[in-house]
Amino acid sequence: MISTLYNLTAKGLLKALSFILASALFVMFITNSTAFASHFGGKVPYLALLAFYGMAILWIHGIGFEIKSSVWRAIFLPLMGYIIVITAIIYLQFF
């Protein structure tokens, strides 16, 4: 099941989207570091770790690193990275 979920995002355009989303979140972190610190590092500092985790997932997927082990595929599932990063970008941009 993990392999089928992982293979859903093995397309070239989705890898490019992963790279673009991870880059966009990184640029938002660098340019709006005070907003990032106030939104994600305030009451619940684990949200910052979650945002960095999602960004790491998409960097790994966007660069094109192929994961063979099912355990590591479950840990670095790109669909989970998309959910985390898109939520973080929306939260930083609009709230």
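Colleague: What should I know before I start?

Modeller: Local features in this predicted model need pLDDT of at least 70, and side-chain atom pairs count only at pLDDT 80 or more, while totals for chains, interfaces and linings use all residues. Residues are numbered from 1 along each chain as its sequence is written, and side-chain values use heavy atoms, with hydrogens and water left out.

Colleague: How many salt bridges does a search of the whole structure find?

Modeller: A salt bridge is a side-chain nitrogen of Lys or Arg within 4 Å of a carboxyl oxygen of Asp or Glu. The search finds one: Lys15 meets Glu66 at 2.9 Å, N to O. Lys15 lies in helix 2 (residues 12-31) and Glu66 in the loop between helix 4 (46-63) and helix 5, so the pair ties together parts 51 residues apart in sequence. Helices here are DSSP runs (H or I, at least four residues), numbered from the N terminus.

Colleague: Is Arg73 buried or exposed?

Modeller: Buried means under 20% relative accessible area, exposed over 50%, partly exposed in between (1.4 Å probe, protein chains only). Arg73, in helix 5 (residues 70-75), is buried yet has no salt bridge. The nearest side chain of opposite charge (Lys and Arg count as positive, Asp and Glu as negative; His and the chain ends are not counted) is Glu66, 4.5 Å away.

Colleague: Which class does Lys15 fall in, buried or exposed?

Modeller: Lys15 counts as buried, at 16% relative accessibility, whereas Glu66, at 37%, counts as partly exposed.

Definitions and conventions:
Helix = DSSP H or I, 4+ residues; strand = E, 2+ residues; numbered from the N terminus.
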